[in-house]
Amino acid sequence: MNILSAEGISKSYSEKVLFNDSWLGIEAGDKIGLIGINGTGKSTLLKVIAGFEEPDSGRIIKTNNLNIGYLEQNPSFEEGTTVLQQVFIGHSPVMSLLKEYEIILKKCQDSPDDKQAEKKLLEIMQKMDAGNAWAIESEAKTVLTKLGISDFNAVVTQLSGGQRKRVAMAGALINPTELLVLDEPTNHIDNDSVDWLEKYLNARRGALLMVTHDRYFLERVANRIIELDNGKLYSYQANYSKFLEMKAEREEQELASERKRQNLLRTELEWIRRGAQARSTKQKARIERFEKLQEAEDVRQENSIEIQIGSARLGRKVIELSNIGKSYDQKVLIKDFSYILLRDDRIGIIGPNGMGKSTLLGIISGRIKPDLGNVEIGETVKTGFFTQESQEMNPELRVIEYIRQVAEHIETKKGSLSASQMLERFLFPQSVQWTPIARLSGGERRRLYLLSVLMAAPNVLLLDEPTNDLDIQTLTILESYLEEFPGAVITVSHDRFFLDRMAERIFAFEGNGYINKYAGNYSDYKEACLWEGIQGEQLQHPKAARGDGKKIPEVEDRQDGQPQKDNRAAQKERPLKFTFKEQKEYEEIDEKIADKEGELEKIKADMDIAVSDFALLQELVVKQQKLEEELDYLMERWTYLYELAERIEKSKS
């Protein structure tokens, strides 16, 4: 069922056309990912759909009484409201009731002798009983806890920017709506919260429209992709990987049509040049056709960023961290951490928000001094630091002036390029290069800032949340660049796709200042954690190395439990069978899955009871998340073992 239609909508700012004569229909079961290059108008389109901005032309048609929830990229907050009061801001009767309840409850807590407030509280509680509002309050506290917010009475305006965004997200998620519109929901939340959000949105009823550059998120949540490209909307009934296939096919067809048009144009041009006289209707029609062919918009392959910036020579000694420690306000962030950075290291730093990841980058760069230990930086090291907050930009500076402050020219593998040429490769055409920075979108500013860091030709790159606010195209080319970068790269990121592609080692903040080292990318790290959780031992995934530097033997790559040798012929002669451990696991796995499912049911029942016990609720949420991860891992193992059992049976016949 169609719940919303955008018919011929257009929107422009100054001379820039964001979208023109665009048509879009949203069905009740759609989970739509809206993608496109930064600055093309994605956030504006969301605001138009959600009703917060009017289109210049066209119209939005909604079904009767359609409730739309909207999470903006930079949400605003009411002064003085607590976390729960902010979450319950909404237009539905139940949300108004919950907000009123939180206000009266706080009043009663602040003034226990206020009988009038106490009477009002009892009246509201009766209304909440009748309206089943307690379930929404319980869900709100669960969602907040999952998003890393545990102090429900904290004043929102006193929280960090990332925490405020998560509070706003919780409000959008729990508000009963038929269409949920989210602008960059995965920004400012850690990897575990992103995993949870995926499951939440997949289980949620109702339509979803979101802007996100998290490719794993799009792959696992979206069933439809809409691309905003050069003012046009292209719709694909697909998740992200299928979208890539369909887009490639569309562009091939468009290029084929363009080649045909160019051939016809050349034919018509020859005829015109021969001096055609526009006397007959036939000749007039042919001249008109030529003019239309000339006016037709060229179809060119999508612009792409090409990063081929050189870097300064890096000597033998890079950066050495020796037993460093750092605390803030008696909170230990880093405890006794040591590492010798290698010239070709690719390191991803992960962990919950507020654990000290950015602090570690600051120590590595030399900008922050550790309380304990030493940091030695090699003489040839030239650090490029892409910070989370971005560098302060003069809004009056023009784009090209900002880049020329770093370098007028840059040496690349293919020769020298001017600042203007580099800007073009970063999707800032000459028509935009003299635009004041104040007129750029947030994503365009991040892209410009990234270019300024790379143009300084560093040989050690430190990237703090580089994926926030950067579009997918920029991220894809950045990843390709990092693969060829002739120096060390250390990045803090919650983007799992980005970490899987660039990281060869993970530094994981695991609480109390401890940072453990894992070999491999993010997926290897997650598998390592599940391995430890399921086995219940002080073991680690065979590919991982703990912070104490002890290595674990490589996992067996085998069909019959023996390490794989180069002699493939000998392998084929061995019968396919379970190893001893696999046989035992195969016999016990059904029971283990049933036990985990039972534990999960009990946790959910306990959570329903612990509505008002915030500390217990938070503890139960953490247990639930761990159990869900362990159950997911067991289901994957179940699939593998049963498929292997089938292959073994077939090999016997």
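Author: Val83, Val87, Leu144, Leu173 and Leu201 touch the most other members of the largest nonpolar core, which has 56 residues. A nonpolar core here is a set of buried Ala, Val, Leu, Ile, Met, Phe, Trp, Tyr and Cys residues joined through side-chain atoms within 4.5 Å. Buried means under 20% relative accessible area, exposed over 50%, and partly exposed in between, with a 1.4 Å probe and protein chains only. Take Leu201: beyond its neighbours within four places in sequence, Leu201 is in contact (heavy atoms within 4.5 Å) with Lys31, Leu173, Leu180, Leu182, Leu208, Phe217 and Val221. Apart from this core lies another one, of 45 residues, among them Tyr449, Leu478, Phe485 and Tyr518. In soluble globular proteins, nonpolar side chains tend to be buried together.

Please keep in mind that this is a predicted model: local features need pLDDT of at least 70, side-chain atom pairs count only at pLDDT 80 or more, and totals for chains, interfaces and linings use all residues. Residues are numbered from 1 along each chain as its sequence is written, and side-chain values use heavy atoms, with hydrogens and water left out.

Now to the rings. Across the whole structure, a search finds 13 aromatic pairs. Rings of Phe, Tyr and Trp (its six-membered ring) pair if their centres lie within 6.5 Å; planes under 30 degrees apart count as stacked, over 60 as edge-to-face and the rest as tilted. Tyr522 and Tyr525 make a tilted pair, with 5.8 Å between centres and 40° between the planes. Both belong to helix 18 (residues 522-535), three residues apart, about one turn of the helix. Helices (H or I, at least four residues) and strands (E, at least two) are DSSP runs, numbered from the N terminus. Tyr522 counts as buried because its relative accessibility is 4%, and Tyr525 does so at 14%. Elsewhere, ring pairs link Tyr236, Tyr240 and Phe243 into a cluster.

Two arginines sit over ring faces: Arg220 over Tyr216, at 4.6 Å from the ring centre, and Arg447 over Phe428, at 5.0 Å. The test for this asks that NZ of Lys or CZ of Arg be within 6 Å of the ring centre and within 35 degrees of the ring normal.

Charged pairs come next, and the structure holds 26 salt bridges, each a side-chain nitrogen of Lys or Arg within 4 Å of a carboxyl oxygen of Asp or Glu. Glu53 and Lys11 meet in one of them, at 3.7 Å from N to O. This pair links distant parts of the chain, 42 residues apart: Glu53 is in the loop between helix 1 (42-50) and strand 4 (57-62), Lys11 in strand 1 (residues 2-13). Both Glu53 and Lys11 are buried. Asp110 and Lys106 form another salt bridge, at 3.2 Å from N to O. These two are separated by about one helical turn because they are four residues apart in helix 3 (residues 93-110). Asp110 is exposed, at 53% relative accessible area, while Lys106 is partly exposed, at 35%.

A last stop is Asn468, in the loop between strand 17 and helix 16 (472-484). With 3% relative accessibility, Asn468 counts as buried. Setting aside neighbours within four places in sequence, Asn468 is in contact with Asn187, His188, Gln388, Arg446 and His494.
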